[in-house]
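Here are some exercises to work through with the model open beside you. Try each task before reading its solution.

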Amino acid sequence: MKINSFKLVQAAAAASKNSVSPYSKFKVGAALLTKSGEIIGGANVESASYGLTCCAERIALFKALTDGKKNFVAVAVVARCDGGPMPCGACRQLLAEYATDATVFIADSGDLKAIREFTVKGLLPSAFVLVP
Ligand code: THU
């Protein structure tokens, strides 16, 4: 399956518009692509109790999973920062568990065509698993 990385990055950029980030003002969007071609977007949501904040990647993943979606082949993450936002450690763990074989596309919302490509496995080698 040929993945249209630009389309997925555009979906992540669209999702970032719904970011709820009154504290950091850092709008992040993520978009997951399933094997069947579905795209599920999500954005970061912040709390006045800062530690409760949830990243865009995990919001997208939780939305998708609780809608019964699985078999994720790619995820795109977009925000306005040079090179685009790299997923944090917590998101890498969740992606490792639920999007193990996915490709990761990262882009700066100021330049959506400059897409950097990674893999979930490459971003979190030797991920924690309960049953190895
Ligand atoms: N954030 C994400 O949504 N994804 C990342 O990969 C890194 C950080 C969010 C969390 C918080 O709302 C804001 O960016 C600043 O840390």
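**Exercise 1. Sort the shell around the ligand by residue class.**

Solution. By class, the shell holds seven nonpolar, three polar and two charged residues. Here Ala, Val, Leu, Ile, Met, Phe, Trp, Tyr, Cys and Pro are nonpolar, Asp, Glu, Lys and Arg charged, and the others, Gly among them, polar. Shell members, each with a heavy atom within 4 Å of the ligand, include Phe 26, Val 28, Met 86 and Pro 87. This is a predicted model, where local features need pLDDT of at least 70, side-chain atom pairs count only at pLDDT 80 or more, and totals for chains, interfaces and linings use all residues. Residues are numbered from 1 along each chain as its sequence is written, and side-chain values use heavy atoms, leaving out hydrogens and water.

**Exercise 2. Classify the aromatic pair.**

Solution. Rings of Phe, Tyr and Trp (its six-membered ring) pair if their centres lie within 6.5 Å; planes under 30 degrees apart are stacked, over 60 edge-to-face, and the rest tilted. The count is one aromatic pair. The ring centres of Tyr 23 and Tyr 50 are 5.5 Å apart with planes at 45°, so the pair is tilted.
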